[in-house]
Amino acid sequence: MRLKIKARTWLAWIAIVLLTVLPLWLAGGAAFGGADDLAREAIGTIAPGYAPWFSPVFEPASGEIASLLFALQAALGAGVIGYWLGLSVGRERARAAAGKSDAG
Amino acid sequence: MHIMEGFLPPAHALGWSAVSACFLAAGLRAMARDLRQHPERRMLFGVAAAFAFLLSALKLPSVTGSCSHPTGVGLGALLFGPAAMVPVGFVVLLFQALLLAHGGVTTLGANIFSMAVVGPFVAYGVFRAAAALGMSRSAAVFAAACLGDLATYATTSLQLAWAFPDPVGGMAASLARFAGIFALTQVPIAISEGLLTVLVVNAIARFHGHEQQAAPVFAHRGRERT
């Protein structure tokens, strides 16, 4: 039997949440640092003599400022998607209402 | 998947920048042509770009005990073709390189190549192949976004292995090491990205009848029941 699309949507959301939360539990004591930093450490062991020849033009003053900028990036994206979703739902409702009044 | 600033030898940095610049030029042309032919798709393009912005800012925990982020470029590749996603990835990566010290200017070319070239093209190719095999739209979209994401991280591993071959085991040993960091961490995150992409494609299919006709993903009339 094929699941209805709404049920499948819910299942997908549950799976996404589990995929995000379960690692925190499965890899309990881990540091959860960035993979980019791990790669930098790996370069340090493979080629200990390598020195980066260029440094970032601008570095966030602290971890707090960095998380502010990351949040800003996510908010920009989420804002546009939210606007589109709201507009789409509104449009569909208006269309449905217009259809009803035409029929009635 | 960001290779950090200064962490690619100059010759590699230059080479990847040259390759990515060609794709960027072609991508800008493809994007401009699509929006000129279908001006009604501008908003949808904004959504595809916003999806990449949002997802690449989310650093998610993984079973390996480290964090990584999805890329979000698979959705746009299925809606506007893979080339149109190169400029989007460029803007995302430039923002992160200049403001977040995430990635870098010297490694921008290499990072564009993995996230904004290999990712979208693999996603697009996987979708076409899955559709040709008769898979449903949702299954094909999932496979495309998930494998496109993984391909990005596999590419980063290859780029680093090429630049830093292991003194004993050579490039293969290095590749195993970097893939262990990037590709493995990415598996659950790529699955999440695949699922999210399916949800957004379903929402677009439901709401936007007229704008979607030009999208490759909706040219596929698979067995999709609603």
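This is a predicted model: local features need pLDDT of at least 70, side-chain atom pairs count only at pLDDT 80 or more; totals for chains, interfaces and linings use all residues.
Biologist: How are two packed helices described?

Modeller: Two packed helices are described by the angle between their axes and the distance between the axes. Helices (H or I, at least four residues) and strands (E, at least two) are DSSP runs, numbered from the N terminus. Axes are lines fitted to C-alpha atoms, for helices over the stretch in contact, and angles run from 0 to 180 degrees between N-to-C directions.

Biologist: At what angle do helix α2 of chain A and helix α7 of chain B pack?

Modeller: Helix α2 (residues 35–46) of chain A packs with helix α7 (residues 170–207) of chain B at about 160 degrees, and their axes are 9 Å apart. That makes α2(A) roughly antiparallel to α7(B). For such labels, angles under 35 degrees count as roughly parallel, over 145 as roughly antiparallel, 65 to 115 as roughly perpendicular and the rest as oblique. The crossing of this pair, α2(A) and α7(B), is right-handed. A crossing is left-handed if the near helix is turned anticlockwise from the far one by less than a right angle, and right-handed if clockwise.

Biologist: Which residues of α2(A) and α7(B) meet?

Modeller: Contact means heavy atoms within 4.5 Å. From α2(A), the residues include Leu38(A), Ala42(A) and Ile46(A); from α7(B), Arg177(B), Phe178(B) and Phe182(B) are among them. By class, the contact of α2(A) with α7(B) has nine nonpolar, two polar and two charged residues. Here Ala, Val, Leu, Ile, Met, Phe, Trp, Tyr, Cys and Pro count as nonpolar, Asp, Glu, Lys and Arg as charged, and the others, Gly among them, as polar.

Biologist: How do α1(A) and α7(B) pack?

Modeller: Helix α1 (residues 5–26) of chain A and α7(B) pack at about 155 degrees, with axes 9 Å apart. The two, α1(A) and α7(B), are therefore roughly antiparallel to each other. Their crossing, α1(A) with α7(B), is left-handed. Among the residues that meet are Trp13(A) and Leu19(A) in α1(A), and Pro188(B) and Leu195(B) in α7(B). The contact of α1(A) with α7(B) has eleven nonpolar, four polar and no charged residues.

Biologist: Which residues of chain A does UniProt list as "transmembrane region"?

Modeller: The unreviewed UniProt entry lists residues 12–32 and 65–85 of chain A. UniProt positions are given in the numbering used here, feature names are shortened, and annotations may be inferred rather than shown by experiment. In the model, residues 12–32 of chain A are 71% helix and 0% strand, with end C-alpha atoms 25 Å apart. Residues 65–85 of chain A are 100% helix and 0% strand, with end C-alpha atoms 30 Å apart.

Biologist: What is the phi of Phe32(A)?

Modeller: Most residues other than glycine have a negative phi, and most peptide bonds are trans. Phe32(A) has a positive phi of about 55 degrees although it is not a glycine. Phe32(A) sits in the loop between α1 and β1 (33–34) of chain A. In chain B, Ala101(B) has a positive phi of about 55 degrees too, and is not a glycine; Ala101(B) is in the loop between α4 and α5 of chain B.

Biologist: Are Phe32(A) and His102(B) buried or exposed?

Modeller: Buried means under 20% relative accessible area, exposed over 50%, partly exposed in between (1.4 Å probe, protein chains only). Phe32(A) counts as buried at 17% relative accessibility, and His102(B) counts as buried at 16%. His102(B) lies in the loop between α4 (85–99) and α5 (108–132) of chain B. Not counting residues up to four places away in sequence, His102(B) touches residues including Asp36(A), Phe70(A) and Lys59(B).

Biologist: Where is Asn111(B), and where is Val105(B)?

Modeller: Asn111(B) is in helix α5 of chain B and is buried, with a relative accessible area of 1%. Val105(B) lies in the loop between α4 and α5 of chain B and is partly exposed, at 38%.

Definitions and conventions. Residues are numbered from 1 along each chain as its sequence is written. Chains are lettered from A and ligands numbered from 1 in the order in which they are written. Side-chain values use heavy atoms; hydrogens and water are left out.
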